[in-house]
Amino acid sequence: MSLPTIDYTPTSSSSSTHTEDIKSLKEAISNHLLFTLAHDPTTAQIRHWWVATCLAVRDRALATSLKTMSNHRKQNVRRIHYLSLEYLMGRLLENNLRNLGLYDPAKTALAELGQDLDAIVNREPDMGLGNGGLGRLAACFMDSLSTMDLPAVGYGIHYEFGLFRQEFVNGKQNEHPDPWAQNGNPWKIDRPEYSVQVNLYGNVTQHFDTKGNALYKWENTKPIMGLPWDIPIIGFEGHTINFLRLWESRATNEFNLKIFNEGSYVAALHEKAAGETVSKILYPNDTTENGKELRLVQQYFFVACSLSDIMRRYKRDNSGWDNFPEKIAVQLNDTHPAVAIPELMRILIDIEGIEWSKAWGICQRVFSYTNHTLLPEALETWSVPLFQRVLPRHLQIIYDINSHLLNHVVSVKWPGDADKLRILSIIDERGAKSVRMAHLSVHGSHATNGVAALHSRLLVEKLFPEFNELYPGRFTNVTNGITPRRWLMVCNPELTSLINESIGTEWTNDASKLRKLDPFADDSAFQDRFRAIKRGHKVSLAKVIKNLTGYDVSPDALFDVQIKRLHEYKRQHLNLLNILNLYHRLLQNPDLEMQPRVFIFAAKAAPGYYLAKNIIHAINAVAAKVNLDERIKGKLKVIFLPNYGVTLAERIIPAADLSEQISTAGKEASGTGNMKLALNGALTIGTLDGANVEIKDEVGSENIFIFGMTVEEVELLHSKGYNPWNYYWNDLELRNAIDWISSDYFTGHADEFKPLRGSLLEGGDPYCVCADFRSYVDCQDQVDIAYRNTSHWTKMSILNTARMGFFSSDRTILEYADKIWHMPRVQLP
């Protein structure tokens, strides 16, 4: 029995096409169920239906992908290669169906086969390829690169276990492996023919050619293999399909038969286990030396594989190296891929025989770097001895680059200025020598960008002022964005339908058109429907909360949401202090007039970040008391949802009333959760930090709740000598909250949250929680009053949705293409 021939060309939305799509999908799903999975409808379980459906959709994607690649090759296009250590992809089935215009046909096709599409979609696990905003941003960018018809390849690591699966035991975070791909994943396509050998460790020997030029040979290395897996990235309407290539580590010699036959069965598999360790888990704990070494090996592994792949493709279609920067653009997503700079230098000098200065010029034209942090302690460094052990040739090259820069660039601009040499050196000579990867990234790129207007300003004023002087015009801003397909069409189809009905569908690939919703903000009928959609999502989320935590919450309460990576600068503990203050007020006056409120948290803390884990425990301990306290009459609930990821975010975000974006001013680079929540009609309470500043400018200061110190006020406070004890003694509610959480009331052990108290008081409160407490509490009181004016709150909510078009990742990507990559959109055939 042969498979029928099916036309996989993306189609329009006419009724005849819709009917053909249903028929075509039914055939494809049924065939995959039978011929790929060896099941018929009577034996197939829901997982089999999910795999068959994904494969049917993937077939269509691959047909278009081949056309995309053929078109790109015929035009010999310039291509962007996006290097990121993480991609937080979430689930792909519903997103791909909607981008291809096949959601409704697939729903009907499956219904005719006796299956429910929603149940099948919910069977899909989140891909364990990322952690937080950095990875989700990369995923949004890949979506927009395809949607905007820009040739692109994303490169990353195929993690076997991802970050970790979070569980709470007695309120404390426990980490478990996240085996997201243990049963396979139908979106992945293995490409063994493009495997790459990567060398590590070893030593470098020097030789001389006949002209006396020094030549270097990296030898006695330990090799591992990189096996690529491709994931098609389907743009909206399916015209362009790029791909994400993920590298899995393998041993070059997986099995030693001689040792096995001698009876050493475990030792025979040692090399296999060691080779697979590199791509085993995202962000291994780097509090140990072994953990640090594994992280460096991970970073080099994926950039070495990726650059080898880039070179292979370039050589296939081009000859010579003069044209290389015209065809190849490489974006470094933070400093994790920064070792790509010396790796490209090594390839050009040691393998291709290119003269040093020409190779350096090529590198600077090829690379561009996105900075994602203003925290000096978060800028990645590697000890020189570790670098020497793992990548000896690359360390030599970095020293050569550094010597060139200090002697021929910095010293020329600032003769005899030892401070400038020290500040701009890639090698930090203070104490134990280290390699500063952010310095390497700036020096080795033609452009460095921040990710919000404020962040980019602080980047050149505070973090890299000397670099800005040395390289005028090299720094720029490209404010982050989110894909409206995932973060509105997929996660909030009800609101999407209302918008489409009201203003049409142009906004789906030009989000600036959402501004057409402005006139509807005062329309009472539109408000009623908008509110009903929001309440429907709150009812749905309440069921999720019940299922995950056992707590009942009312959808009529204000849903106050803080969902993001757990870090001190994001200040989940400021939110906690306000909760404690509200709880205390209610115990003093159970009849206090206030809008019932549900505080919803979701976050993971890095396994080695013990203070962050202490904050999680504190929130859960408070929740355990508050949620069962009948004295407060259900006016206050605290929920911490476990195992935060993209799919859970898609359930929380449409249900949120209030979005907590309360980082210390000057610490958050941008944030993208603020954009997702506002797009779905949540109002922001936040500081003037990151993209909050631009959100305020877009939605209007009357449609956002701003509190706290500005960047300049934070700096002034610290310059005068910030003492959190002054705020502690001068604010009774702050003192009560801190004393309460550090008592034995919540756990029976007074020392349980001593680390939290210590960070706020004895530790100097580095993120100004005490200083911003009163402003935050007062602002929250204003939120309470505003929410009780239902019509006005709904108007503000609608205007937030209407005015978030600027924060589409489509706009962001087009700015990168114009300002940094100098790439036109490809002409479609």
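The dialogue below takes up a sheet and then the cavities.

Modeller: This is a predicted model, in which local features need pLDDT of at least 70 and side-chain atom pairs count only at pLDDT 80 or more, while totals for chains, interfaces and linings use all residues. Residues are numbered from 1 along each chain as its sequence is written, and side-chain values use heavy atoms, with hydrogens and water left out.

Biologist: In what order do the strands of the open sheet of 6 strands lie?

Modeller: Strands of a sheet pair through backbone hydrogen bonds, either parallel or antiparallel. Here the order is 20-19-18-21-22-23, with parallel pairing, where strands are DSSP runs of E, at least two residues long, numbered from the N terminus, and two of them pair if DSSP finds at least two bridges between them. Strand 20 (636–641) and strand 23 (705–706) are the edge strands, each pairing on one side only. Strand 23 is joined to strand 22 (residues 683–686) over 2 bridges, and Phe705 is the bridge partner of Ile685.

Biologist: How many cavities of 30 Å³ or more does a search of the whole structure find?

Modeller: Rolling a probe the size of a water molecule over the atoms shows where empty space is left. The search finds 4, a cavity being a set of points on a 1 Å grid over the protein atoms alone where a 1.4 Å probe fits but cannot get out, with lining residues having an atom within 4 Å of a point.

Methods. Helices (H or I, at least four residues) and strands (E, at least two) are DSSP runs, numbered from the N terminus. On a 1 Å grid over the protein atoms alone, a cavity is a set of points where a 1.4 Å probe fits but cannot get out, and a pocket is an open set with protein on both sides within 12 Å along at least five of seven lines; lining residues have an atom within 4 Å of a point. Grid points are joined across faces, edges and corners, and a volume is the space filled by probe spheres set on the points.
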